[in-house]
Amino acid sequence: MSLIAIENLSVNYGARTVLNTVSLTVEPGEIVTIVGPNGSGKTSLLRAIIGATEPAAGRITRKPGLRIGYVPQRLHIDPTLPITVERFMRLTDAVDRENCSAALNTAGVPDLPKRQMSQLSGGQFQRVLLARALVNRPEILLLDEPTQGLDQPGSAAFYRRIDGVRRDTGCAVLMISHELHVVMSASDRVICLNGHICCEGTPAVVTSAPEYQALFGTGTGGALALYRHDHDHDHYHHHPQDQKSAR
């Protein structure tokens, strides 16, 4: 069965509708990326999935007992607070040193347990957040713009690590990103969101869709060649309501 199935989800903030009749699924082992302009409802969708936002309508069905790992968009830790990476990893759950080390290794930062959190670079900090999400061996990772603030090489390295995590652990990934040039190369499927689903499919197909080009232009397509996954069997889906907005 699908890990997550969303049917006709709508989310309101006061009188404003931020998501309108969104339907999607996430299957075991796939990397799905959600792209869209600012204010398109991307973070609201993740918040609804983890239960932090109450839907106005629709239904979210999770596989029974689904283990979810969540990497937030940002996390502020007081730089004057003395806390090591290992201590941070074990703050909320009873995580033994072996599992802590294994998660840090999977995230690509095996040598950081004794380092102070305040001494980490931006890329190291995000890898530690990823490791924290991996401790309980999730079946799906949810990532909300996890490379915000990193430079392009750092972003590309992080997304390659995510692909490696999926390959090594078999977990699915649902992530939000604004970095089209990087994220397209790391995804099996892309969903373009602008309050509703405009289009979805493989990266190559979505970047050629008129609805996508109406939002982002045509300049990002060439970046697919950098780390592109080639597929020849997936299909592009568009929604009739988007023909008006795509013009």
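At 29% relative accessibility, Lys63 counts as partly exposed, a class that lies between buried (under 20% relative accessible area) and exposed (over 50%), using a 1.4 Å probe and protein chains only. The model is predicted, so local features need pLDDT of at least 70 and side-chain atom pairs count only at pLDDT 80 or more, while totals for chains, interfaces and linings use all residues. Residues are numbered from 1 along each chain as its sequence is written, and side-chain values use heavy atoms, leaving out hydrogens and water.

**The chain as a whole**

Of its 247 residues, 49% count as buried. Among contacts (heavy atoms within 4.5 Å) with a separation of 6 or more, 71% come from residues 24 or more positions apart.

**Salt bridges across the sequence**

Side chains of opposite charge can pair when their charged atoms come close. In this structure there are nine salt bridges, each one a side-chain nitrogen of Lys or Arg within 4 Å of a carboxyl oxygen of Asp or Glu. Lys63 takes part in one of them, with Glu139 as its partner and the closest N and O atoms 2.7 Å apart. Why does this pair tie together parts that are 76 residues apart in sequence? Glu139 lies in the loop between H4 and S6, and Lys63 lies in the loop between S4 and strand S5 (68–71), so the bridge joins those two loops.

Glu139 also forms a salt bridge with Arg67, where the closest N and O atoms are 3.8 Å apart. This pair again links distant parts of the chain, 72 residues apart, with Arg67 in the loop between S4 and S5 and Glu139 in the loop between H4 and S6. Another bridge brings together the side chains of Lys114 and Glu86, at 3.3 Å from N to O. Lys114 sits in the loop between H3 and H4, and Glu86 in helix H2, so this pair ties together parts that are 28 residues apart in sequence.

Here is how accessible these partners are:

| Residue | Relative accessibility and class |
|---|---|
| Lys63 | 29%, partly exposed |
| Glu139 | 15%, buried |
| Arg67 | 42%, partly exposed |
| Lys114 | 60%, exposed |
| Glu86 | 10%, buried |

**A buried arginine**

Arg166 is found in helix H5 and is buried, with a relative accessible area of 14%. What does Arg166 touch, beyond residues up to four places away in sequence? Its contacts are Gly29, Glu30, Ile31, Cys171 and Asp188. A polar atom of the Arg166 side chain lies 2.9 Å from the backbone oxygen of Gly29.

**An open sheet with a helix on it**

Three strands make an open, antiparallel sheet in the order S2-S1-S4; two strands pair if DSSP finds at least two bridges between them. At the edges are strand S2 (16–26) and strand S4 (57–62), each pairing on one side only. Direction ignored, neighbouring strands of this sheet are turned by 25 degrees against each other on average. These angles run from 0 to 180 degrees between N-to-C directions, along lines fitted to C-alpha atoms, for helices over the stretch in contact.

Strand S1 (residues 4–13) is joined to S4 by five bridges, and Glu7 stands opposite Arg59 in S4. Helix H1 (residues 42–49) packs on the sheet and touches S1, S2 and S4, its direction making about 120 degrees with that of S1.

**Two nonpolar cores**

A nonpolar core is a set of buried Ala, Val, Leu, Ile, Met, Phe, Trp, Tyr and Cys residues joined through side-chain atoms within 4.5 Å. The largest one has 33 residues, of which Met89, Val128, Leu130 and Leu141 touch the most other members. Among the elements giving it two or more residues are helix H2 (85–89), helix H3 (97–106) and helix H5 (152–169). H4 provides the largest share, seven residues. Leu130 touches, among others, Val71, Ala107, Leu141 and Phe158, leaving aside residues up to four places away in sequence. A second, separate core of 26 residues includes Leu3, Val32, Ile140 and Ile191.

Definitions and conventions:
Helices (H or I, at least four residues) and strands (E, at least two) are DSSP runs, numbered from the N terminus. A polar contact is a pair of N or O atoms within 3.5 Å; within protein, one must be able to donate a hydrogen and the other to accept it, and residues adjacent in sequence count only if both atoms are side-chain atoms.
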